[in-house]
Amino acid sequence: MADETKIKIGLIGAAGRMGKAIQEAAAQQVEVNLLGGIGSQGAVFGDYKNSTSLAEASDVLIDFSAFKALNTNVEAALQYKKPIVIGTTGLSDEDHQFIQRAAKHIPVIVAANTSLGVNMLAALVEQAAAKLGSDWDIEIVEMHHRHKKDAPSGTALLLGRAAAEGRGEKLEDIADLQRCPATEPRKTGSIGFASLRGGSVAGDHMVVFANEGERIELGHRAESRIIFARGALKAALWLTHQSAGLYQMKDVLGL
């Protein structure tokens, strides 16, 4: 007989790397009941074949599937008024607008990175950018495994947005994503990005604040995907106690 005191979580994208990590992390948490998991081909574990049936039975959904499935998964959450944690990356402006509309009716977290450490790093980056000012150059370097498709990583952009917000600006206005080939020196006030790919790196990120004669380096190294899984589960548990709205991981941390 199922323990009704546990939070019932439905996992979307259960066959992927993050899905497997969440299954491992959930097995270590007594307050969690990982009710079922689905992938692009249907049920991975449990008796649920699609996001609609999974949403109906769950208290909260965690979605780490492909971005093409986003609308279907969010619609399922909307249909049954269930909170949803969205860890899917590569979302378009239209996807974010759709999520914002959904968040008027259900609690939603969108997180490019669910690591608690990374989100604490973002808070530190925002504070540093605000205090140091625009005469300090900001460069963001990230490295991931050879199979990662998007660059810069969603986490690098998260850190870039934190730095831009610290300066009271929008990242889109000051991001420098085109360094190769370069024919001019860096533009004052810009935020530069560099992306490295290779091996099995789970995720390394470094934010460099550089000025004449000195620099500050704030970084985070992910040694295992389990850290993202633990953060996603913490976010899901937190979200079950929230009213409709669009939240971030910093809200989970109380930042």
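**Strands β2 and β3.** I began with strand β2 (residues 32–39) in this predicted model. Three bridges tie β2 to β3, and the two run antiparallel. I looked up G37 and found its bridge partner in β3 to be F45.

**The whole sheet.** Next I traced the strand order, which reads β3-β2-β1-β4-β5-β6-β12. These seven strands make an open sheet with mixed pairing. At the edges I found β3 (42–45) and β12 (245–247), each pairing on one side only.

I then turned to α3, which lies across β1, β4 and β5 and runs at about 160 degrees to β5.

K81 has a positive phi of about 55 degrees although it is not a glycine. I located K81 in the loop between α3 (70–79) and β5 (84–86). K81 counts as exposed, because its relative accessibility is 54% and the cut-off is over 50%. A cis peptide bond joins A151 and P152, with omega about -5 degrees. P152 sits in the loop between β7 (137–144) and α6 (154–166).

**A surface patch.** Last, I noted a nonpolar surface patch of about 260 Å², made by M120, L124 and L255. L255 belongs to the segment after α9 (249–252), and L255 is partly exposed at 46% relative accessible area.

Notes: Residues numbered from 1 in each chain as written. Predicted model: local features only at pLDDT ≥ 70, side-chain atom pairs only at ≥ 80, totals over all residues. Heavy atoms only, no water. Patch = residues over 30% accessible without salt bridge, like charges linked within 9 Å, V, L, I, M, F, W, Y side chains within 5 Å. Areas by Shrake-Rupley, 256 points an atom, 1.4 Å probe, with all protein chains shown as cover. Salt bridge = Lys/Arg side-chain N within 4 Å of Asp/Glu carboxyl O. Helix = DSSP H or I, 4+ residues; strand = E, 2+ residues; numbered from the N terminus. Buried < 20%, exposed > 50% of the residue type's maximum accessible area, 1.4 Å probe, protein only. Pairing = 2+ DSSP bridges. Contact = heavy atoms within 4.5 Å. Axes fitted to C-alpha atoms, helices over the stretch in contact; angles between N-to-C directions.
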